[in-house]
Amino acid sequence: KVIYDHLAPRMFPLCIRYVGDRDTAADILQDGFITLFAKIGGYKGEGSFEGWARRIFITAALMHLRKKDALKHSEQIEDFSGDMAAVCKDGKWGYINKEGVTKIGFDYDPVTELDVMGENCAFSFKSGLAPVKKDGKYGIINTSGETVVSFVFDAILQGKNGVYLAKKDGEWGIITIDKEQLTAKAEETTVLNEDAAGIPVE
């Protein structure tokens with residue numbers, strides 16, 4: 001009961017954010033708690049308990065969305081950022097809305113070579129923009145799928161406020177959506193903050 005009373009007010013808005021209506025969110029909340037209590041013995045104390053629990057509720061919401069036609073054959077789905085989530089089908093990434101409708105086609109390669117990102121994933125939208133990879137090069141698109149930074153970079157890390165850490169011709173530097181040239185060149189070693197914005201360090 002203590003765990004329920006602590007988590008329910010935090011996880012219910014999260015469920016609503018994913019599915020958009022209170023009734024469905026309540027069902028997902030219930031499913032999430034059933035899974036949480038079944039798996040609670042597996043929590044090893046690595047990271048916060050609430051963060052571990054949050055992942056369970058997100059998974060419950062994503063499983064609900066996976067039942068929709070657009071997600072039935074998806075291999076992987078990332079968290080929603082705003083109204084869109086990255087989804088992998090047949091090894092390519094695209095973006096769907098909360099109703100499971102494809103908004104940006106499955107044209108993008110997985111981000112595999114950036115150690116900070118894991119083996120097969122895609123960036124979420126932040127401030128309406130997302131770095132993506134196509135034909136081995138990185139660019140940035142908006143939520144309409146339009147290219148706002150050309151596909152000429154070897155790597156681009158998620159940024160904030162239109163500022164990104166990017167790699168081109170073996171050198172890391174800062175780019176903005178207004179200026180696609182590297183500025184403020186940095187070492188290849190980077191630190192990522194909680195928002196995954198690249199911060200160069202010496």
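Is K137 buried, partly exposed or exposed? I begin my notebook with this residue: K137 is partly exposed, since its relative accessible area is 31%.

**Entry 1. The model and its confidence**

I note that this is a predicted model, in which local features need pLDDT of at least 70 and side-chain atom pairs count only at pLDDT 80 or more, while totals for chains, interfaces and linings use all residues. Residues are numbered from 1 along each chain as its sequence is written, and side-chain values use heavy atoms, with hydrogens and water left out.

I looked up pLDDT, the predictor's confidence in each residue, from 0 to 100. The chain has a mean pLDDT of 76, and 77% of its residues reach 70 or more. I take helices (H or I, at least four residues) and strands (E, at least two) as DSSP runs, numbered from the N terminus. Confidence in the chain is highest in strand β7 (residues 147-153), at a mean of 91, and lowest in strand β12 (residues 190-192), at 38. Over residues 188-202 the pLDDT stays under 50. For that stretch the model has 32 contacts (heavy atoms within 4.5 Å) beyond four places in sequence.

I counted as a salt bridge a side-chain nitrogen of Lys or Arg within 4 Å of a carboxyl oxygen of Asp or Glu. A search of the whole structure finds 3 of them.

K137 meets D154 in a salt bridge, at 2.6 Å from N to O. The pair links distant parts of the chain, with K137 in strand β6 (residues 137-142) and D154 in the loop between β7 and β8 (155-160), 17 residues apart. D154 is also partly exposed, because its relative accessible area is 26%.

D109 forms a salt bridge with K92, and the closest N and O atoms are 2.5 Å apart. D109 lies in the loop between β4 (102-108) and β5 (129-134), and K92 lies in strand β3 (residues 92-97), 17 residues away. I recorded D109 as buried because its relative accessibility is 15%. K92, at 31%, counts as partly exposed.

E50 forms a salt bridge with R10, with 3.5 Å between the closest N and O atoms. This pair joins helix α3, which holds E50, to helix α1, which holds R10, and the two residues are 40 apart in the chain. Relative accessibility is 31% for E50, so E50 counts as partly exposed. R10, at 42%, is partly exposed.

**Entry 2. The nonpolar cores**

Next I looked up the nonpolar cores, each a set of buried Ala, Val, Leu, Ile, Met, Phe, Trp, Tyr and Cys residues joined through side-chain atoms within 4.5 Å. In soluble globular proteins, nonpolar side chains tend to be buried together. The largest core has 21 residues, of which Y18, L29 and F57 touch the most other members. Helices α1 (2-19), α2 (22-39) and α3 (49-66) are the elements that give two or more residues to this core. Apart from this core lies another, of 17 residues, among them I140, I156, Y164 and L182.

Which residues does F57 touch, not counting those up to four places away in sequence? I found M11, L14, C15, I28, L29, G32, F33 and L36.

F12 is in helix α1. I recorded F12 as buried because its relative accessible area is 19%. Leaving aside neighbours within four places in sequence, F12 is in contact with R22, A25, A26 and L29.

T24 is in helix α2. At 19% relative accessibility, T24 counts as buried. Beyond residues up to four places away in sequence, T24 touches V19 and H64.

In strand β2 (residues 84-89), 6 of its 6 residues are buried. M84, A86 and C88 lie on one side, and A85, V87 and K89 on the other.

How do β2 and β3 pair, in the parallel or the antiparallel sense? They pair in the antiparallel sense over 6 bridges, where pairing requires that DSSP finds at least two bridges between two strands. V87 stands opposite G94 in β3. The two strands form a hairpin with 2 residues between them, and D90 in the turn has a positive phi of about 50 degrees.

Note on methods
Buried means under 20% relative accessible area, exposed over 50%, partly exposed in between (1.4 Å probe, protein chains only).
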